[in-house]
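Here is a walk through one chain, taken a region at a time. Have the model open beside you and follow along.

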Amino acid sequence: MHLIKIYLTLICIGLYACNTGTKESASEESASEGTASSENPQKKWYKGNLHTHSYWSDGDDFPEMIMDWYKSHGYDFIVLSDHNTLQVGEKWKLIPKANIYQEGLQEYIDKYGEDWVEHKKDSAGSTLVKLKTLEEYRPLFEEEGKFLIIQSEEVTDGFEGKPIHMNVTNIQTLIEPQGGNSVAEVMQNNIDQVLQQRESTGVPMFPHINHPNFGWAITPEDMMQLTGERFFEVYNGHPAVHNYGDSLRPNMDVLWDKVQLSYLLAGKPLLYGLATDDAHNYHVFDDEHSNTGRGWVMVHAEELTPNAMVEAMERGDFYASTGVELSDVTFDGEALSVKVVAETDIDYTIQFIGAKSTDEKGAELLKEVKDTEASYMLQADDLYVRAKIISTKIKENPYKVGDVEMAWVQPVKQ
Ligand SMILES: [Zn+2]
Ligand SMILES: [Zn+2]
């Protein structure tokens, strides 16, 4: 716990620096069940973000304002995944003095009214606001089949100063960080808690590993040791997470393939990749802040409910995106096919990446097509294949300046 406290303190320091910053603009399934198909007309694509913060931890806005942003920007479902907390009980938030936060408070009051917003002043004249619980704000936004809020927590743990964070989508009761004697053990202990809660409640939920390269904390070798882990963030919009690795450490695509190959050779299930915002900052939009709208998932499901979202994702019926939209992803047990919703004057490269059982060197680029649709016929020696779509469209308010819009299709196997 001592180390966790140190790390939480560091988060707070980071937040403080941010608030006062000088920047003005401051169960394994068969492959044939695999990936989404347009053959089923009842299924729809639902857009969601599985990683967001609010004033309940170190995010800098009220849950209602954040929900309003996502709902008004075309999202169908959202989680607020605050650090080691669920949005329950009484919490008063001291609003920082800086103008952007005071203006944000005024905007909140203007939008929801004095009858809704409970606030008071402390002896120093600072404003405290009572945060609305999930049960309080949920009815303002949820609409059947149109907008869904799923309960989540970012279980925020660590080992020897390394941050080890894991989101739990559709969590029912708080999970305290479990600790452990290695990076892998800390992850496994927390995963086991999630699986235990799932078992005891009977409610579908899953853990996902957040931003492995944040603090250079989690290596492919750490992840290879895990059992019961099916999801990780191939893309996280927070500027500090090192999605692209460095000269010594792997980017998230390389990490994915290394872990995937190891999992399959060990008889473990497919590992799925998520794109998330990990939004904390709602008042200053630039590449030094973690903002909304950077990464999301598109889930192919029959209805918009927590269980349907979790179960579709566990079947691999989704893709991750930073902007590229797909009209069709099909796996018929033999071929993986992808179709892009093409935008005018934008070019697309579709890559099929996988590993062969006979290949010593690991994952490789199996096929690359410059088109808006492509398919790859799995060979007998293909352990798995996944697709990545790279567009020429420059991403707006990106994670890194110069980023182009992309999408990641989940791996399939025969
Ligand atoms: Zn985190
Ligand atoms: Zn986070």
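Before we start on strands, a word on terms: two strands pair if DSSP finds at least two bridges between them. Helices (H or I, at least four residues) and strands (E, at least two) are DSSP runs, numbered from the N terminus.

## The ground rules

This is a predicted model, where local features need pLDDT of at least 70, side-chain atom pairs count only at pLDDT 80 or more, and totals for chains, interfaces and linings use all residues. Residues are numbered from 1 along each chain as its sequence is written, while chains are lettered from A and ligands numbered from 1 in the order in which they are written.

The chain has 8 helices and 19 strands. Of its 414 residues, 45% count as buried. Here a residue is buried if 20 or more other C-beta atoms lie within 10 Å of its own, exposed if 12 or fewer, and partly exposed in between, with C-beta atoms placed from the backbone.

## Strand 6, covered on both sides

Let's begin with strand 6, residues 148–159. Since 12 of the 12 residues here are buried, the strand is largely enclosed by the rest of the structure. In a regular strand the side chains alternate between the two faces of the sheet. Both faces of strand 6 are covered: one side has Leu148, Ile150, Ser152, Glu154, Thr156 and Gly158, the other Ile149, Gln151, Glu153, Val155, Asp157 and Phe159, and all of them are buried.

What does strand 6 pair with? Strand 2 (residues 77–80) runs parallel to strand 6 and is joined to it by 4 bridges, with Val79 standing opposite Ile150. The hairpin of strands 6 and 7 has 2 residues between the strands, and in it Glu160 takes a positive phi near 45°.

## Past strand 7

Asn170 has a positive phi of about 75° although it is not a glycine. It is also buried, with 21 other C-beta atoms within 10 Å.

Ile171 sits in the loop between strand 7 and helix 5 too, and with 25 C-beta neighbours inside 10 Å it counts as buried. Leaving aside neighbours within four places in sequence, Ile171 is in contact (C-beta atoms, placed from the backbone, within 7 Å) with Gln151, Ser152, Glu153 and Met205. Its C-alpha atom is separated by 10.0 Å from that of Ser81, 90 residues apart along the chain.

For another positive phi, look at Asp278, which takes about 50° although it is not a glycine. Asp278 lies in the loop between strand 10 (272–276) and strand 11 (296–301), and it counts as buried with 30 C-beta neighbours inside 10 Å.

## Helix 2 and its surroundings

Helix 2 (residues 63–72) has Pro63, Glu64, Ile66, Met67 and Tyr70 as buried residues. Seen down the axis, they fall within an arc of 160° (taken from the directions from the helix axis to the C-beta atoms), so they line one face of the helix. What covers them includes strand 1 (44–49), strand 2, helix 3 (99–112), helix 4 (134–141) and strand 6. Just after helix 2, Gly74 takes a positive phi of about 85°.

How do helix 2 and helix 4 cross? Their axes come within 10 Å and cross at roughly 30°. Axes are lines fitted to C-alpha atoms, for helices over the stretch in contact, and angles run from 0 to 180 degrees between N-to-C directions. The two helices are therefore roughly parallel to each other (angles under 35 degrees count as roughly parallel, over 145 as roughly antiparallel, 65 to 115 as roughly perpendicular and the rest as oblique). At this crossing, Pro63, Glu64, Met67 and Lys71 in helix 2 meet Tyr137, Leu140 and Phe141 in helix 4.

Strand 13 pairs with strand 14 (residues 335–340) over 5 bridges, and Leu326 has Val340 of strand 14 as its bridge partner.

Note on methods: Contact = placed C-beta atoms within 7 Å.
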